[in-house]
Amino acid sequence: MKKLLFFLLITSVLIFGLVACGGEEAEDNNEDENAAGEGAAGEDAVEDFEVVPEDGAELLLWSDGDEQLEFSEYIAEKFEEEYGVPVQVEEVNQEEAPGRLATDGPAGLAADVFGSTHDRIGRAISSGLVIENFWPDEYKEAFMDGAIEATSFDGTLYGYPTGIETYALYYNTDLVEEAPETMDELLEVAAGLTEGDTYGFMMEPANLYFQYGLIGANGGYVFGDNNTDVSDIGLNNDGTVKAMETFLRIRDEVTPDMKAEDITYDVRTALFNEGNLAFDINGPWAVPGYEEAPVNFAVAPLPKLENGEEQTSFSGTRAFYVNAYTEYPDAASLLAKFISNEENLLKSYEMTGALPPRLALIDNEVIQEDPFSVAFLEQAANAVPMPNVPEMPLVWDPFHAAVTEIWNNDADIQESLDKAVDTIETAIEEQQQ
């Protein structure tokens, strides 16, 4: 009996010791897991850990065509050399990629990484189809604010920016010696040059994209809270009214006999090509055509307004994004980061002409040698990203209709803008139902 009691006592002690040790070990493990969990939830979560490709990773990259496709094929080869991960490149238009992602992503057919313009990606992000950027703080320090804002959604960075574009002021150097510094000066010079088949300046009435430089600099806006609050529309506020008043000065002083439908993108680019337009507001995509025309021209940032404010042109940002359905999120994120590193964005500029939004590259001697690139990057510093919310497509037509009525028929500015905003608000309400 004594032996049995002694045996039970020893067994109890051993069991208690094992439970205690197990409890301590479990507690330690829980602490480790909690620490990892806290890291994963924090802003710097992934940045605190080394990201390496998953074993057996193979990636598909969707890319725009032409020079962009050549650049992506170059990247695929370099990425495999550095990380040992093969990358297949498929041509998919950047405008179409987010739409295809919605159907091909859940089916497992979409690319792991894809290119898109920032204003087309909002719906895909809001639908949970895109993984957020793994290194947000690093990117916020290294890239232009406009590129970060453009590729973020609800305050979270999703994109890996690779190019930024906006418009600036082209001027024919055979007609004008230097770029005007203010809008008043531009209108004065343009009015003096308008005669016969030659026009000093043209600006499309039905094109909010190009008009936004005037609107933003006067305090107007599309949506509130940096174009994220669709319940707050600023296209009929005092700033937008003031912008429309300046816009009518262009009509009255430079193109008094032209209806809105007579001033289109094709009309003004043709006139500039022919040497019959002194000033044109256009983007970097117009440079090759103007060079081939040929016409002697230079590019400068948009002139300041009479209130001293810089014009806040709309900007567009090209970026790469990671598919939320990818089997290899680490490898895919590394590929997106690799594409947008400093060395490869300089290579992208050399191969495609895309202006890199990386701050370290703005003063790069390769870019500084091109006065056109310098001018567009200078204007991009003042630019506002086009809204990337799903409601933005509902804005264009009502606003264009309002400005056309103002331009063609001298309709009351405030009443016309109020009507446009009412139409936009109704369309948003219907879309959200």
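**The cavity and the pockets**

Tutor: By class, three nonpolar, four polar and two charged residues line the largest cavity (nonpolar: Ala, Val, Leu, Ile, Met, Phe, Trp, Tyr, Cys, Pro; charged: Asp, Glu, Lys, Arg; polar: the others, Gly among them). The model is predicted: local features need pLDDT of at least 70, side-chain atom pairs 80 or more, while totals for chains, interfaces and linings use all residues. Numbering starts from 1 along each chain as its sequence is written, and side-chain values use heavy atoms, without hydrogens or water.

The whole structure holds one cavity of 30 Å³ or more (on a 1 Å grid over protein atoms alone, points where a 1.4 Å probe fits but cannot get out; lining residues have an atom within 4 Å of a point). The volume of the largest cavity is about 50 Å³ (space filled by probe spheres on points joined across faces, edges and corners). Its lining is Trp62, Ser63, Asp64, Gln68, Val92, Gln94, Gly115, Arg318 and Phe320. Strands S1 (59-63) and S13 (314-323) each supply at least two of the lining residues (DSSP runs numbered from the N terminus: strands E, at least two residues; helices H or I, at least four).

Now the largest pocket, of about 1,000 Å³ (an open set with protein on both sides within 12 Å along at least five of seven lines). It has 37 lining residues; Glu165, Pro284, Trp285, Arg318 and Gly353 lie nearest its centre. S13 gives the most to this lining, four residues. Other contributors of two or more include helix H2 (67-83), strand S7 (160-166) and helix H14 (342-352). By class, the lining has 15 nonpolar, twelve polar and ten charged residues.

The second largest pocket holds about 330 Å³. Of its 19 lining residues, Ser152, Asp154, Asn226, Thr228 and Asn388 are closest to the centre. Helix H9 (224-227) gives the most there, with three residues.
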